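Here are my notes on this model, point by point. Please read them with the structure open.

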Amino acid sequence: MSRRQSTGQSSHAPAHGHGGQHAINSVSRSEFDVLIERLFEAAPPLANHLFARRPYAKMEDVIDEAERAVLARQENGHASVFSGEQLVQIINAHPRLGAPKETLSEASALEQSAGRPGTDQDAEVNARLVQINEGYEIKFGFKLVEFVNGRSRAELVPVLQKRLDDGERDSELQIGLKAMMDIARDRLRKVNIQ
């Protein structure tokens, strides 16, 4: 058993040394929300949970905790971290794929910049994305979230259509929440939130 385990310290204990604790551990609640918004576009249940779980040694630990919490399933009669309603609130904080640029956060706008309208084909692709998003939300009751990862909108259409056609609600919720964590990790790699 490690010293941390034997003393009951959290596995996301603060980093010490060069500058002491990670800055995210000493910011105000509103500053914390701004920092994690750059990663998750976090709904209140997730933001509240992450704030309460401080301290963190590094920003990656924030994402690890978010992933652990949103993907936790009810086991052996123990409640999950979030209710089903809260998980839907968390996933619905994420913007729709193909949403107008002016409605997106800076990070989402950059991620979705491939395939912006400009040609007839782009207009057709964007119309399909609107249809897929609407159908998905009607079928499952929450937004469709996919880790774009540099793919164009045209490349995403068949992937998203398959999820709409073949998906089941519980698995789609898990897929969307996992995609949010992949997006957060990608954002952390691309921007200086350290």
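1. From the N terminus on, the elements of the protein chain run α-α-α-α-α-α-α-α-α. That comes to nine helices and zero strands. Helices (H or I, at least four residues) and strands (E, at least two) are DSSP runs, numbered from the N terminus. The model is predicted: local features need pLDDT of at least 70, side-chain atom pairs count only at pLDDT 80 or more, and totals for chains, interfaces and linings use all residues. Residues are numbered from 1 along each chain as its sequence is written, and side-chain values use heavy atoms, with hydrogens and water left out.

2. Of the 194 residues, 41% count as buried. Buried means under 20% relative accessible area, exposed over 50%, and partly exposed in between (1.4 Å probe, protein chains only). The chain exposes about 10,600 Å², and carbon and sulfur atoms supply 51% of that area. Areas come from the Shrake-Rupley method with a 1.4 Å probe; for residues, only the protein chains shown count as cover. Among contacts (heavy atoms within 4.5 Å) with a separation of 6 or more, 67% join residues 24 or more positions apart.

3. The core. The largest nonpolar core has 46 residues. Such a core is a set of buried Ala, Val, Leu, Ile, Met, Phe, Trp, Tyr and Cys residues joined through side-chain atoms within 4.5 Å. Ile36, Phe40, Leu46, Leu50 and Ile90 have the most contacts inside the largest core. At least two residues each come from helix 2 (29–40), helix 3 (44–52), helix 4 (59–71), helix 5, helix 7 (120–140), helix 8 (153–166) and helix 9. Helix 9 supplies the largest share, eight residues.

4. Helix 3. Pro45, Leu46, Ala47, His49 and Leu50 are buried here. Their cover includes helix 2, helix 4 and helix 5. Take Leu46: not counting residues up to four places away in sequence, Leu46 touches Phe40, Ala66, Val70, Phe82 and Ile90.

5. The second largest pocket. About 200 Å³ of space lies in it. A pocket is an open set of points on a 1 Å grid over the protein atoms alone, where a 1.4 Å probe fits, with protein on both sides within 12 Å along at least five of seven lines; lining residues have an atom within 4 Å of a point. Of the twelve lining residues, Gly84, Leu87, Asp170, Leu173 and Gln174 are the closest to the centre. Helix 5 (84–92) and helix 9 (169–190) are the elements that give two or more residues to this lining. Helix 9 gives the most, with four.

6. Gln174 deserves a look. Gln174 sits in helix 9 and counts as buried, because its relative accessibility is 15%. Leaving out residues up to four places away in sequence, Gln174 touches Val70, Leu71 and Arg73.

7. Backbone points to check. Which residues does the cis peptide bond join? Arg54 and Pro55, with omega about 15°. Pro55 is in the loop between helix 3 and helix 4. Glu41, in the loop between helix 2 and helix 3, has phi near 50°, a positive value in a residue other than glycine. Asn149, in the loop between helix 7 and helix 8, also has phi near 50°. Buried or exposed? Glu41 is buried, with a relative accessible area of 6%, whereas Asn149 counts as exposed at 52%.

Notes: Points joined across faces, edges and corners; volume = space filled by probe spheres on them.
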